[in-house]
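Trainee: I have a protein model to study, and I would like to go through it with you step by step. Could we begin with the terms and then turn to the details?

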Amino acid sequence: MSAPARRSVLITGASAGIGEAFARAYARRGWDLILTARRRERLEALADVLTPSGVKAHVVPADLGADDGADRLLAALRSQGLSPDGLVNNAGYSRTSGFLASEWADHDAMIRVMLTAPVKLAHGLAPAMVERGYGRIVNVASLAGTMPATGGDTLYGPIKSFLIKASQGLHLELRDRGVHVTALCPGYTYSEFHDVNGSREEVSAAYPRWMWMTAEAVVEAGIEGVEANRPRVIPGLANRLLSGLAQHLPNGMALRMVGGHARRLKRL
Ligand SMILES: NC(=O)c1ccc[n+]([C@@H]2O[C@H](COP(=O)([O-])OP(=O)(O)OC[C@H]3O[C@@H](n4cnc5c(N)ncnc54)[C@H](OP(=O)(O)O)[C@@H]3O)[C@@H](O)[C@H]2O)c1
């Protein structure tokens, strides 16, 4: 009798934070990994740590902010004969310098990393999942995508809202074909995210510990959600309460509540 085929998952942004935690979590579950991000050495170090557990880890570096970043990644997978059963669209970041103060090229790259790449990768990889009758797609969005917009990181929330809606649509399209699609919407999570956007000190001072989750807890909620085929998962009770509150308040009041966020961080 032949051994059952091993599952494999492509994880974007696997060099740090939530993506790295996804890699460790899927490795524990016996899945093979395809790890991508820009920092090759980080990915290789992670692969070295995880392969002794019997997992195969392929490192395929890519810059998803480049014009043809997602296309190049898909081409690299094809040329290596890799057709993953799972896709975790996780790569992302925010900018806090303000919409007008940032160059258009920076906004463009952000849209490519967090909006174009996730849907392009899903479009490129889901057909084989449908053909096999099995697939798992987790789109790492954000609590910010369920809330009114904030100033300062003006495009971040709208991009994440798009990803939540696109996930819902794809969930409906694929739910009876063995392919589960989930938008994972974390709130404040310990990772490198706030070091990259330069707000670590401010957010640590502004937001108490109960508002923060570990990347590991976020990932477990995401994997549980996609296995259960839930279209949207907000990890953590506090985050679910905040999101529910914002949705049930009158628009103007909710905007003022969330707008206070940018003022607290002294961005506006
Ligand atoms: N941390 C939070 O509080 C929080 C809350 C809600 C949602 N999220 C979302 O969670 C996701 C993961 O963020 P994180 O918190 O884990 O942050 P992180 O620790 O900074 O990790 C971000 C990952 O994205 C990758 N990345 C960034 N730009 C890229 C590019 N141009 N091309 C390819 N990969 C790129 C980075 O890899 P390289 O630098 O090596 O390319 C890194 O692996 C993001 O989508 C973020 O929006 C985070």
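Mentor: Buried means under 20% relative accessible area, exposed means over 50%, and partly exposed lies in between, with a 1.4 Å probe and protein chains only. This is a predicted model, in which local features need pLDDT of at least 70, side-chain atom pairs count only at pLDDT 80 or more, and totals for chains, interfaces and linings use all residues. Residues are numbered from 1 along each chain as its sequence is written, and side-chain values use heavy atoms, leaving out hydrogens and water.

Trainee: Is N239 buried or exposed?

Mentor: N239 is found in helix α9, residues 237-248, where helices are DSSP runs of H or I with at least four residues and strands are runs of E with at least two, numbered from the N terminus. Its relative accessible area is 5%, and since the cut-off for this class is under 20%, N239 is buried.

Trainee: How are α4 and α5 oriented to each other?

Mentor: Helix α4 (residues 104-132) and helix α5 (residues 156-174) pack at an angle of about 10°, with their axes 10 Å apart. Axes are lines fitted to C-alpha atoms, for helices over the stretch in contact, and angles run from 0 to 180 degrees between N-to-C directions. Angles under 35 degrees count as roughly parallel, over 145 as roughly antiparallel, 65 to 115 as roughly perpendicular and the rest as oblique. The angle therefore makes α4, relative to α5, roughly parallel.

Trainee: Which strands are the edge strands of the sheet?

Mentor: Seven strands form an open sheet with parallel pairing, in the order β3-β2-β1-β4-β5-β6-β9, and two strands pair if DSSP finds at least two bridges between them. The strands that pair on one side only are β3 (57-59) and β9 (232-233).
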